[in-house]
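I opened this structure to look up its cavities and its aromatic rings. My entries follow in the order I made them.

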Amino acid sequence: MSDFFDALETRDPAQREAQLLAALPAQVAHAQQASTAYREILGGIDADGVKSRAALARLPVTRKHDLFERQKAGRPADPFGGFSTLVRGPSMPRMFASPGPIYEPEGTTRDYWRAGRAMYAAGFRAGDLVHNCFSYHMTPGAFIMESGAHACGCTVFPAGTGQTEQQLQVIAELRPQAYVGTPSFLRILVEKAAELDADIRSLRKGMVGGEAFPPSLRDWFLERGLDVFQSYATADLGLIAYETSARQGMVVDEGVLVEIVRPGTGDPVAEGEVGEVVVTTLNPAYPLVRFGTGDLSAVLAGVDPTGRTNTRIKGWLGRADQTTKIRGMFVHPSQVADITRRFPEVLKARLVVSGEMANDMMTLKVEAAEHPQGLDARIGEAIRDVTKLRGTVELLQPGSLPNDGKVIEDARSYK
């Protein structure tokens, strides 16, 4: 039995990159032609010219709030805001609602969200019975995992959420090998089983998502005979990255192009630097181009020890939307980017908000390659121009700021 879901996982990295970039112009053209939203967003873009990472980085980023606003404006005639290329009927067997609400379509392709790759890496195999504890109500989480399990040849029991004691009875009687759901609910099941002396020893592996999964909880499950892995997927994009037995970051899925950009911008950061995860999917049904997830991560150097050769990311490192209210005014990461773009000397910047309640102080800490006389004063003027607020400027040497993806740090005391 193969250690890999398919041969795509072990491609030569240069071959993978060439094949992904070769598919990119057609996907951009398809989005322009079949999606009314991207007809506008990518208007005037020559799709044939988008065949490199640099060309891709020049396209605008569409973020979750942009998607929501277009969907809201399009309802009820078009609940997808012009992003879906599907029409209701046989080509769209289901549609879902995520918090917002944001609506997502489901297409008819096998393993539509590509979750099978993550589940295979977690040890799911043909003949396994999977106890699926994601919610089957409105949101697509349960269906994402169910389709991935089917792609691995598994049978699924649609357990859903809640009814802990009844779930334990089903596990004891059907003897499933695998669990999918949130890590917190799995812990509830394990602890309740110990309390009631229920037999759930058949469960030996799991795939979790929807919540943070710290190493301490992973080790807690291992101590109880459960080898649990995490995946990184969204209802909009499907699988983005997944954990392997190496437990060293997460391997990027084969059906997406991932960029890490400076929060509030579309500008790619250097390898290893923390930034926002921006994804372009090759899914023709929902062709999201440079979709900003709002999640922070960073590229992890090197190749996964399991032999999978795609890029690795460090996993979820926080949220990129650091919008902060200062003296009654909202300040956005994009405004910090607008300020720094005016000064070629600036390499990196971080706006620190300090002080006590009703006494906000704002300092822009700036890494600069050179510190010409008057640079701090000119940056201070730009702060007032862009934010309409006064702030001080602190010039730093390159490498002084933390590598945590923060563009705005709220260090105020609320005691």
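Entry one, cavities. I noted that the second largest cavity has a volume of about 40 Å³; the model is a predicted one. I listed its lining as Tyr-112, Trp-113, Arg-114, Ala-235, Asp-236, Leu-237, Gly-238, Thr-281 and Asn-283. Sorted by class, that lining gives 4 nonpolar, 3 polar and 2 charged residues.

I then searched the whole structure and found 2 cavities of 30 Å³ or more. The largest cavity holds about 50 Å³ of space. Around the largest cavity I found Arg-262, Pro-263, Glu-273, Val-274, Lys-348, Ala-349, Asn-403, Gly-405, Lys-406 and Val-407. I counted 4 nonpolar, 2 polar and 4 charged residues in this lining. Which domains supply the lining of the largest cavity? Domain 1 (13–319) and domain 2 (324–410) each give at least three residues.

Entry two, aromatic pairs. My search of the whole structure returned 8 aromatic pairs. I looked at Phe-96 and Phe-143, a tilted pair with 5.2 Å from centre to centre and 45° between the planes. Phe-96 belongs to strand S2 (residues 94–98) and Phe-143 to helix H6 (residues 141–151), so this pair ties together parts 47 residues apart in sequence. Are these two residues buried or exposed? Phe-96 and Phe-143 are both buried. I also saw that ring pairs join Phe-96, Tyr-112, Trp-113, Tyr-136 and Phe-143 in a cluster.

I found Arg-187 over the face of Trp-220, 4.2 Å from the ring centre. The charged end of Arg-247 lies over the ring of Phe-229, at 3.9 Å from its centre.

Notes. Residues numbered from 1 in each chain as written. Predicted model: local features only at pLDDT ≥ 70, side-chain atom pairs only at ≥ 80, totals over all residues. Heavy atoms only, no water. Phe/Tyr/Trp six-rings, centres within 6.5 Å; stacked < 30°, edge-to-face > 60°. Helix = DSSP H or I, 4+ residues; strand = E, 2+ residues; numbered from the N terminus. Buried < 20%, exposed > 50% of the residue type's maximum accessible area, 1.4 Å probe, protein only. Lys NZ or Arg CZ within 6 Å of the ring centre and 35° of its normal. 1 Å grid on protein atoms, 1.4 Å probe; cavity = no way out; pocket = protein on both sides within 12 Å on 5 of 7 lines; lining within 4 Å. Points joined across faces, edges and corners; volume = space filled by probe spheres on them. Nonpolar A, V, L, I, M, F, W, Y, C, P; charged D, E, K, R; others polar. Domains from an automatic or database assignment.
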